[in-house]
Amino acid sequence: MTASAQQAHQPETKPMHTNRLTGETSPYLLQHAHNPVDWYPWGEEAFEEARRRDVPIFLSIGYSTCYWCHVMERESFESEATARVMNEHYICVKVDREERPDVDDIYMAATQALTGRGGWPMSVWLEPESLRPFYAGTYFPPEPRHGMPAFTDILLGISEAWKGERRQEIIEQSQSLADAVRHQLEEREAPVVVGENEIMEAVSALLRIYDPQWGGFGGAPKFPQPTYIDFLLAVRESADESTRQAIDQSVRGTLDKMMIGGIRDHVGGGFHRYSVDAEWTVPHFEKMLYDQGQLISVYAKAAAIYGDTEYERTAIQIADYVLSEMTDESGAFYSAQDAEVDGKEGLNYLWVESELRDALTEDEAKLALDVYSVSAGSNFQDPHHPDEPARNVLRFSERPEQTADRFGLTVDELHAKLDAINTKLKAVREDRKQPGLDDKVLTSWNAITIHGLASLGNVTGIKTYTDSATVAADAILTLMRDDKGTLLRTARAGEAKTPAFFEDYAWLTAALIELHYATGDTKWLDKASSLAEEAEGIFGDPDSGGFFDTRENQSDLFVRGQTVYDGAIPSATSVFLNALIDLSTLTGEQWFANRAARGLVATSGAIHRSPVGYVNSARALYRALALDIPLTQALQAAGAQQPAQSSDSAAAFQAVEVFADSERISLEPGDVETFSVRLKIADGFHLVAADPGPDAADMLEPLRVGVVGGTGIGAFVDYPAGESYRTEGIEGELLVYSGDVEFDIVLEAEDERTGRPIVIVTFQACSDTECLQPQTVELDVAIDVTN
């Protein structure tokens, strides 16, 4: 059995220190309950004490499976000397970002506004009166390292400034930073007319950033991004033939590569959070419930669309993992499993060849070493512990049908052998020390998984999954209500607390709708309808037509935001918009259609500005255009303007000229041909390099070459190294290209070609003051494949 995070980090002997976190339910907070730091939970007790002592608040935000959170705890929060500094000069507050996403969102916005980047652990200094931030960062080392100051130096420096003559400067900084956060989180974009153009722009952008060699969208690190796939699968229903082929190539290529990669736990089931490389080989090893739920759903949906039994098998394996390792006695689901064991990443999941041979028969070992790519050599070296031996993340090198063919087996025979092998390997893993389990129950994450299980049950007809979704839904609807009937956010060991956020309402509404689809039971539809109306009363914005993330008049928040950007979890607004459209179709009630239309109007400016950034809202827009949703009338009523034509495209092409040294390439199957490309970058501009470096902002688009419009042609590039670029106000280094850049593109013809493959180059041009929108150029190079 997997130990809880609390058990995994709890001292075995009587602790030397105990702080106020011992009364909390969050495993992350309990991990810190015996630090020498006098931690407070987020709340009025901490705020009042900071005001009484007239000291700033040091706010540390993280989550239980965060690797660098563990590192900073070991280095600083367990240090007696560091704790003395913290306790003397600050009131120290710990927040579990998963329990309080509202607090996390606000101070992450502040951290990003101040530093240009963000992450966890998040370290924020607040003035105590209004809880406004004035300084922020993420991980800080115990001594100066890699250009970062020592944590204690920052603590002492800020305290000295607060006590001295610079306090007024700090107060003014906090006001300025709070204003920036309010502007970001409260900003209402003017409504604009949106429609098919935004849908096609989202499709085109996703196809441009698709990695045709390894699948996925964009470069390393690679996240599963099921929201992108959901959108593409929706749009393919009405796409023309060439667009549908391109969508299928990107969707299937991504699902295939993830399915066979090391990001998938082939032995124990489930998916790790993301891959640190482009090939999906080495994951960041934590397993998050929200990933499992979304991936169950997307693999089940793809299995139904493509008739792919391997996708169905993948969805089933994820679901079985959740039901066996992530489910509590009530049928609700735990939140996450940790990445590390004994301070080492992925130790439970890694193998050396001798361990496989010891666990298996000779024939089994021969098959496992081949299938799981161990015979090809090690693929993992712990970057934090270079003295550790090289090991293997188990991964396939090809789809199971190809492996079965190589071994002269049917696919079912191969899977039977692998099932027997995995049972033995799982037993070995269970004898190892286990990663921590975050065993709290979150309403929204449970709803995501209920949605996935119901979808799988609906696709496969396997009652186990529909029944499990039903049991979990009943558990959430029972456990997560207080005696006044208020829906709650989080629970652990039977104790539920914290009024639910809009995210919880949106996802639970969507989950109940999916249960209705899977079971045909109208009680789930009735519950979903009631929950949607309840959500509107609490979170609906009567002025803009949008939705607030939080409840009104929360005294511990200085801003009430409306988040619509889709991250690892689609925004609550986008989920709710799609749920409203479902409810309109299922119930025939016009209120749901009208509310969906008003919500789309409120989101229209964001959708137009960045259809990929708000892709799940774009999916709702696509559905609204196809159904009887009164969007046109709502846009007219809101005075929506026609969007202004962007000048970015013209500016980008003035900034960058692209030349190829060939006009036509002729290939036979198996042939390889090379041609050169030169990018002429105007003075005052630079391009984001193909490898922009670890400090690059997530939203910057690196140089990429790809093939669209057909299949059967591979494009490979040895990208040139970028040059260092630094500018005032941006922390860290960005790697860029300037002047003239030349590189070779290698084309390889595969056995079968479809469509009309076109080589494209995608780039983002920036000056010292702004970055233009990413642009894609189709190279005027004809590709002929002869047989």
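## Leu580 in helix α22

Leu580 is located in helix α22. In this predicted model, Leu580 is buried, because its relative accessibility is 0%, below the cut-off of 20%. Beyond its neighbours within four places in sequence, Leu580 is in contact with Phe547, Trp591, Phe592, Arg595 and Ala596.

Ala528 lies 52 residues from Leu580 in sequence, and the C-alpha atoms of the two residues are 9.7 Å apart in space. Ala528 belongs to α21 and is among the residues of that helix that meet α22.

## Packing of α21 against α22

Two packed helices are described by the angle between their axes and by the distance between those axes. For helix α21 (residues 522-539) and helix α22 (residues 572-587), the angle is about 130° and the axes are 11 Å apart. The two helices are therefore oblique to each other, and α21 passes α22 in a left-handed crossing.

On the α21 side, the contact is formed by Leu525, Ala528, Ser529, Ala532 and Ala535; on the α22 side, Phe576, Leu583, Leu586 and Thr587 take part. By residue class, this contact comprises 7 nonpolar and 2 polar residues, with no charged residue.

## Thr563 in the loop between α21 and α22

Thr563 is found in the loop that lies between α21 and α22.

The side chains of Thr563 and Asp549 are joined by a polar contact of 2.6 Å. Not counting residues up to four places away in sequence, Thr563 touches Asp105, Asp549, Ser571 and Thr573. His272 is 291 residues from Thr563 along the chain, and a distance of 26 Å separates their C-alpha atoms.

## Thr603 in helix α23

Helix α23 spans residues 590-609 and includes Thr603. Thr603 counts as buried because its relative accessibility is 3%. A polar atom of the Thr603 side chain lies 2.7 Å from the backbone oxygen of Gly599.

With neighbours within four places in sequence left aside, the contacts of Thr603 are Val564, Thr573, Leu577 and Ser617. One of these residues, Thr573, is also touched by Thr563.

## Packing of α23 against α24

Thr603 also takes part in the contact of α23 with α24. The axes of α23 and helix α24 (residues 615-626) come within 10 Å and cross at roughly 120°. This angle makes α23 oblique to α24, and the crossing is left-handed.

Leu600, Thr603 and Ile607 in α23 meet Ser617, Ala618, Ala620, Leu621 and Ala624 in α24. The residues of this contact divide into 6 nonpolar and 2 polar, and none is charged.

## Glu24 in the loop between α1 and α2

Glu24 occupies the loop between α1 (5-9) and α2 (27-31). Is Glu24 buried or exposed, given a relative accessible area of 19%? Glu24 is buried, because the value of 19% falls under the cut-off of 20%.

Which side chain makes a polar contact with the side chain of Glu24? The partner is Lys497, at 3.0 Å. Lys497 is also listed among the residues that Glu24 touches, together with Leu29, Leu30 and Pro41, when residues up to four places away in sequence are not counted.

Terms used: Residues are numbered from 1 along each chain as its sequence is written. This is a predicted model: local features need pLDDT of at least 70, side-chain atom pairs count only at pLDDT 80 or more; totals for chains, interfaces and linings use all residues. Side-chain values use heavy atoms; hydrogens and water are left out. Helices (H or I, at least four residues) and strands (E, at least two) are DSSP runs, numbered from the N terminus. Buried means under 20% relative accessible area, exposed over 50%, partly exposed in between (1.4 Å probe, protein chains only). A polar contact is a pair of N or O atoms within 3.5 Å; within protein, one must be able to donate a hydrogen and the other to accept it, and residues adjacent in sequence count only if both atoms are side-chain atoms. Contact means heavy atoms within 4.5 Å. Axes are lines fitted to C-alpha atoms, for helices over the stretch in contact, and angles run from 0 to 180 degrees between N-to-C directions. Angles under 35 degrees count as roughly parallel, over 145 as roughly antiparallel, 65 to 115 as roughly perpendicular and the rest as oblique. A crossing is left-handed if the near helix is turned anticlockwise from the far one by less than a right angle, and right-handed if clockwise. Ala, Val, Leu, Ile, Met, Phe, Trp, Tyr, Cys and Pro count as nonpolar, Asp, Glu, Lys and Arg as charged, and the others, Gly among them, as polar.
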